[in-house]
Amino acid sequence: MPPVRVERRAVDETESRRANGPDWDRYADEYQRTHGAFLGDLGFVWGPEGLTEDDAQVLGDVADRDVLELGSGAGQCSRWVRARGGRAVGLDLSHRQLQHSRRLDEETGVVVPSVRATATGLPFADAAFDVVFCSFGALQFVADIETTVAETARVLRPGGRFAFSITHPTRWMFADDPSEAGLVASQSYWDRRPYVEVDEESGEVSYVEHHRTLGDWVALLAGAGFCLRRLIEPEWPEGHDRVWGGWSAVRGRLTPGTAIVVADLHG
Ligand SMILES: C[S@@+](CC[C@H](N)C(=O)[O-])C[C@H]1O[C@@H](n2cnc3c(N)ncnc32)[C@H](O)[C@@H]1O
């Protein structure tokens with residue numbers, strides 16, 4: 001990998017997509033090799049704490065429901081939905097992630113129809129789904145979050161559910177470091193400038209993550225016609241010693257690492 005320079009600066013939707021699509025294509029094999037067993041081929045995990053949908057019960061009964069997953073990767077979560085009788089469909093920007101989804105279709109025998117697209121332009125009819133969910137998927141990678149939330153509202157049926165997990169917004173105050181060094185607040189919670197990696201050789205943006213505060217999320221959802229139902233901040237389980245990027249027992253015992261937001265479209 002060429003060396004990268006880290007910056008905090010504004011990046012628009014075109015630049016975010018141009019960076020993150022190829023980045024996920026490059027990273028997909030390592031991501032699935034490193035995290036595949038933890039995710040489980042037919043598993044539904046909401047984040048590095050390991051909270052499962054079986055325990056969280058966020059989506060409700062998915063049997064006979066039309067379900068869309070944003071940023072579905074290899075489709076493990078959608079496969080969990082399919083195994084319970086839901087008609088889950090995956091959507092992801094990365095061709096390589098979707099190739100892993102095809103691999104799991106064959107290995108598990110549980111097929112998740114998937115489409116390569118961006119969460120800012122959903123290639124589906126209005127009111128096509130009962131549930132849209134996203135487990136650490138597309139939401140923190142898009143710049144144009146207003147369009148993504150509006151698109152989600154458009155494809156949901158009245159009363160439909162939108163549930164998603166993201167890096168807990170308070171984590172943006174700390175360096176992305178799983179050790180004690182990552183417990184010292186060094187950045188403003190209210191600094192919305194995205195985290196940007198720039199390829200030192202080409203000068204191109206190679207990776208982007210976007211930050212919204214909890215208040216931003218409430219305003220975004222309310223503005224698009226959603227009613228907030230739950231905000232889950234999974235606690236770090238006793239004895240769970242897996243390190244995933246900046247998530248670790250050291251930090252997880254003291255600060256939330258993941259936020260799961262559950263909202264319903266007004267009926
Ligand atoms: C951290 S992975 C999570 C994948 C899956 N949900 C899981 O739990 O393994 C984030 C996924 O979001 C996808 N993604 C990034 N930007 C996207 C966009 N604009 N639209 C759709 N998917 C996107 C990536 O390709 C990647 O597969």
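A: Let's begin with T152, which counts as buried because its relative accessibility is 0%, under the 20% cut-off for that label. Please keep in mind that this is a predicted model. T152 sits in helix α5. Leaving out residues up to four places away in sequence, T152 touches L70, L122, V132, F162 and F226.

From T152, step across to F162. Setting aside neighbours within four places in sequence, F162 has T152 among its contacts, together with L70, V132, L139, L156, L221, F226, V261, V262 and A263.

F162 also leads us to the largest nonpolar core, which has 29 residues. The members that touch the most others there are L68, L70, L139, F162, F164 and F226. Two or more residues of this core come from each of these elements: the strands β2 (66-70), β3 (87-92), β5 (129-135), β6 (156-167) and β10 (258-265), and the helices α5 (145-155) and α6 (214-223).

Now let's turn to the ligand. It has 21 residues around it, and those that come nearest are Y31, G71, D92, Q97 and S135. The side chain of Q97 has an N or O atom 2.9 Å from an oxygen atom of the ligand. A polar backbone atom of S135 lies 2.8 Å from a ligand nitrogen, and a polar backbone atom of L93 is 3.3 Å from a nitrogen atom of the ligand.

One of those nearest residues, Y31, carries a number that falls within helix α1, residues 13-39, so to speak our last stop. At the start of α1, a side-chain oxygen of D12 reaches to within 3.2 Å of the backbone nitrogen of T14. Further along, at Y27, α1 bends by about 50 degrees. The helix has 27 residues, but its end C-alpha atoms are only 29 Å apart, whereas a straight helix would reach 39 Å at 1.5 Å a residue. After α1 comes G40, with a positive phi near 80 degrees.

Key
Residues are numbered from 1 along each chain as its sequence is written. This is a predicted model: local features need pLDDT of at least 70, side-chain atom pairs count only at pLDDT 80 or more; totals for chains, interfaces and linings use all residues. Side-chain values use heavy atoms; hydrogens and water are left out. A nonpolar core is a set of buried Ala, Val, Leu, Ile, Met, Phe, Trp, Tyr and Cys residues joined through side-chain atoms within 4.5 Å. Buried means under 20% relative accessible area, exposed over 50%, partly exposed in between (1.4 Å probe, protein chains only). Helices (H or I, at least four residues) and strands (E, at least two) are DSSP runs, numbered from the N terminus. Contact means heavy atoms within 4.5 Å. The expected span of a helix is 1.5 Å times one less than its number of residues. The bend at a residue is the angle between axes fitted to the seven residues ending there and the seven starting there. A polar contact is a pair of N or O atoms within 3.5 Å; within protein, one must be able to donate a hydrogen and the other to accept it, and residues adjacent in sequence count only if both atoms are side-chain atoms. A residue is near a molecule or strand if one of its heavy atoms lies within 4 Å of it.
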